Amino acid sequence: IGYPIVLKPVNGNHGRGITTNVRNWDDAIVAMIAAKKISRAVICEKFVTGFDYRLLVINYKLIAAAKRTPAAITGDGVHTVKELIDSVNSDPRRGYGHEKVLTAIKVDDMTMQLLHEKNLSLESVVPKDEILYLKTTANLSTGGTATDITDLVHPYNVFMAERIARIIGLDICGIDIMAPDLTTPLNENGGAVLEVN
């Protein structure tokens, strides 16, 4: 399929063990090792860019659609990355695990790698209004957020989601999509279905 690729465990969850935008063999080996820590079987996919969406289908009808955004902070030109993370985590809606609506942002290897790639540390000060993403995946369980876009989904994409649920035989499923938007048909905008949960 050619680079860039994504390597992820077959039966993982919460974005664990996933490496995106792998551009060479050496990085693919590292990504494979990370995925194998979670699952014996690993999927290799073409890397698709765009926004992360989750479509919820219940009884073979699209019920809700959300645009998911990775955990992030917005710089103010004064506070450090760590202080901004602490500030975001002070939101009373954030907790640990699934105890609250939102999950606290945890500084982990993925966060440190993203900071390293930008020559930043937890003590760095991010310029005012600059958004700094702290995860490569938009899972709510890693501190991401979701915005309701149900009313904006193109009828073709509604039909596709409901058809996927019927083909797989799941009366309740979450369909993860990467695409520039869902207001246009997925088969026309270069987007892709990533997985069905």
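Modeller: Before the strands, a word on terms: two strands pair if DSSP finds at least two bridges between them, and helices (H or I, at least four residues) and strands (E, at least two) are DSSP runs, numbered from the N terminus. This is a predicted model, in which local features need pLDDT of at least 70 and side-chain atom pairs count only at pLDDT 80 or more, while totals for chains, interfaces and linings use all residues. Residues are numbered from 1 along each chain as its sequence is written, and side-chain values use heavy atoms, with hydrogens and water left out.

Biologist: OK, how many bridges join β4 to β5?

Modeller: Seven, with β4 (residues 51–58) and β5 (residues 61–69) running antiparallel. Along that pair, Asp52 has Arg68 as its bridge partner, and Leu56 stands opposite Ala64. The two strands form a hairpin with two residues between them, and Asn59 in the turn has a positive phi of about 50 degrees.

Biologist: And what order do the strands take in that sheet?

Modeller: The sheet is open and has five strands, in the order β10-β5-β4-β11-β12, with antiparallel pairing. Because β10 (145–148) and β12 (192–196) each have a single partner strand, they stand at the edges, and one side of each is left without a neighbour in the sheet. The twist from one strand to the next averages 30 degrees, where axes are lines fitted to C-alpha atoms (for helices over the stretch in contact) and angles run from 0 to 180 degrees between N-to-C directions.

Biologist: Switching to the charges, which residues are linked in a network of salt bridges?

Modeller: Asp52, Arg54, Arg68 and Asp176 are, a salt bridge being a side-chain nitrogen of Lys or Arg within 4 Å of a carboxyl oxygen of Asp or Glu.

Biologist: How many salt bridges does the structure hold?

Modeller: It holds eight. Among them is the one between Asp86 and Lys82, at 3.1 Å, N to O; these residues are four apart in helix α2, and are therefore separated by about one helical turn. Asp86 counts as partly exposed at 40% relative accessibility, and Lys82 also counts as partly exposed, at 39%.

Biologist: Staying with α2, which of its residues are buried?

Modeller: In α2 (residues 81–89), Val81, Leu84, Ile85 and Asn89 are buried. They cover an arc of only 140 degrees around the axis, taken from the directions from the helix axis to the C-beta atoms, which puts them on the same side of α2. The buried residues of α2 pack against β6 (72–74), β7 (94–95), α3 (109–117) and β9 (131–133), with contact meaning heavy atoms within 4.5 Å.

Biologist: Last one, what is the strand order in the open sheet of three strands?

Modeller: The order there is β2-β1-β3, with antiparallel pairing. Helix α1 (residues 25–36) lies across β1, β2 and β3, and runs at about 20 degrees to β1.

Technical notes
Buried < 20%, exposed > 50% of the residue type's maximum accessible area, 1.4 Å probe, protein only.
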